[in-house]
Amino acid sequence: MSSSAKNPSMISELKKSHIPVPWCDEYERMISGMNFSASKSIELEDYKLQTLTKLNDFNDLTIPDGSTLMSLKTRRMAVAKSLLGQLGDEVTIEPPFFVGWGCNVFIGDNVYINREVSLFDNALIQIGDRVLIGPGVCICTGTHEVASSDRKEASGTSFARPIIIESDCWIGARVTILDGVRIGAGSTVAAGAVITHDIAPGCLFGGVPAKFIRALN
């Protein structure tokens, strides 16, 4: 269920973004978990266009003459630094890559993000240090009211809840992580799992929906 009021602590957290943020009433509603509509805000529509332009640059797969793997990575990560709210040291993000806004994504140090990862960051997505994210992972903060009557009352808008992946996690290929989830430090999520609830630290989870498999040493 969506929030009924703005969240001062979340607004304060997003003010830590290292890049410009489209501050406006609809943006504050979005990051607070309230129903919002980006189409109601010129600021959000303009920012979305800027994000798409940067993604186009990041995902440019042309290889100029004289390129090396390191030079291609350096070019991509320079774009990522201008795209993401926080970006730690020694991070690798493989193309193609997608974010909704970018400014709501905070990534720690020594993170590896494989190909075809999508981050739908209508709320904060925080990824800790030394996290491994496999190909095709979908991290989706956005959602809708479950009952059709509630969706009608909300006039087709959506809301979002933050997703936190703590340090030293491994998220396997094609995992889907849904809104409001926290994955505890050192946990592993098996390929293809759908995460709908919090995961305790140091655990292996898998399945649809994901369930506890065993504790990890």
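## Basis of the model

This is a predicted model, in which local features need pLDDT of at least 70 and side-chain atom pairs count only at pLDDT 80 or more, while totals for chains, interfaces and linings use all residues. Residues are numbered from 1 along each chain as its sequence is written, and side-chain values use heavy atoms, with hydrogens and water left out.

## Overall form

The chain has 5 helices and 19 strands, these being DSSP runs numbered from the N terminus (helices are H or I with at least four residues, strands are E with at least two). The C-alpha atoms fill a box of roughly 55 × 45 × 30 Å along the principal axes. For 217 residues, a compact globule would have a radius of gyration near 17 Å, and the value of 17 Å for the chain agrees with this; the radius is taken over C-alpha atoms, and the globule rule is 2.2 Å times the number of residues to the power 0.38.

Buried residues make up 47% of the 217 residues, where buried means under 20% relative accessible area, exposed means over 50%, and partly exposed lies in between (1.4 Å probe, protein chains only). The accessible surface comes to about 10,700 Å², of which 55% belongs to carbon and sulfur atoms, as given by the Shrake-Rupley method with a 1.4 Å probe. Among contacts with a separation of 6 or more, 33% are accounted for by residues 24 or more positions apart, a contact being heavy atoms within 4.5 Å.

## The surroundings of D121

D121 is placed in the loop between β6 and β7. Leaving aside residues up to four places away in sequence, D121 touches V99, G100, W101, G102, C103, N104, V105 and T141. One of these neighbours, C103, is buried, with a relative accessible area of 0%.

## Salt bridges

The structure holds 9 salt bridges. One of them joins the side chains of R174 and E116, with N to O at 3.1 Å. Because R174 lies in the loop between β13 (170–171) and β14 (176–177) and E116 in the loop between β5 (112–113) and β6 (117–120), this pair ties together parts that are 58 residues apart in sequence.

R130 forms a salt bridge with D168, their closest N and O atoms being 2.6 Å apart. R130 lies in the loop between β7 (125–127) and β8 (132–133) and D168 in the loop between β12 (163–165) and β13, so this pair links parts that are 38 residues apart in sequence. Both ends are partly exposed, R130 at 42% relative accessibility and D168 at 39%. E166 forms a salt bridge with R182, with closest N and O atoms 2.8 Å apart; E166 lies in the loop between β12 and β13 and R182 in strand β15 (residues 182–183), so the parts tied together are 16 residues apart in sequence. E166 counts as partly exposed at 24% relative accessibility, as does R182 at 41%.

## Cysteines

The structure holds 0 disulfides, a disulfide being a pair of cysteine sulfur atoms within 2.5 Å. For C103, the closest cysteine sulfur is in C24, 10 Å away and too far for a bond. For C140, the closest cysteine sulfur is in C138, at 5.2 Å, which is also too far for a bond.

## Backbone features

Most residues other than glycine have a negative phi, and most peptide bonds are trans. A cis peptide bond joins P95 and P96, with omega about -5°, and P96 is placed in the loop between β2 (92–93) and β3 (97–99). The peptide bond from V208 to P209 is cis as well, with omega near -10°, and P209 lies in the loop between β18 (203–206) and β19 (211–215).

E90, a residue other than glycine, has a positive phi near 55°; E90 is found in the loop between β1 (86–87) and β2 and is exposed, with a relative accessible area of 59%. E116, likewise not a glycine, has a positive phi of about 60° and is partly exposed, with a relative accessible area of 43%.

Note on methods:
A salt bridge is a side-chain nitrogen of Lys or Arg within 4 Å of a carboxyl oxygen of Asp or Glu.
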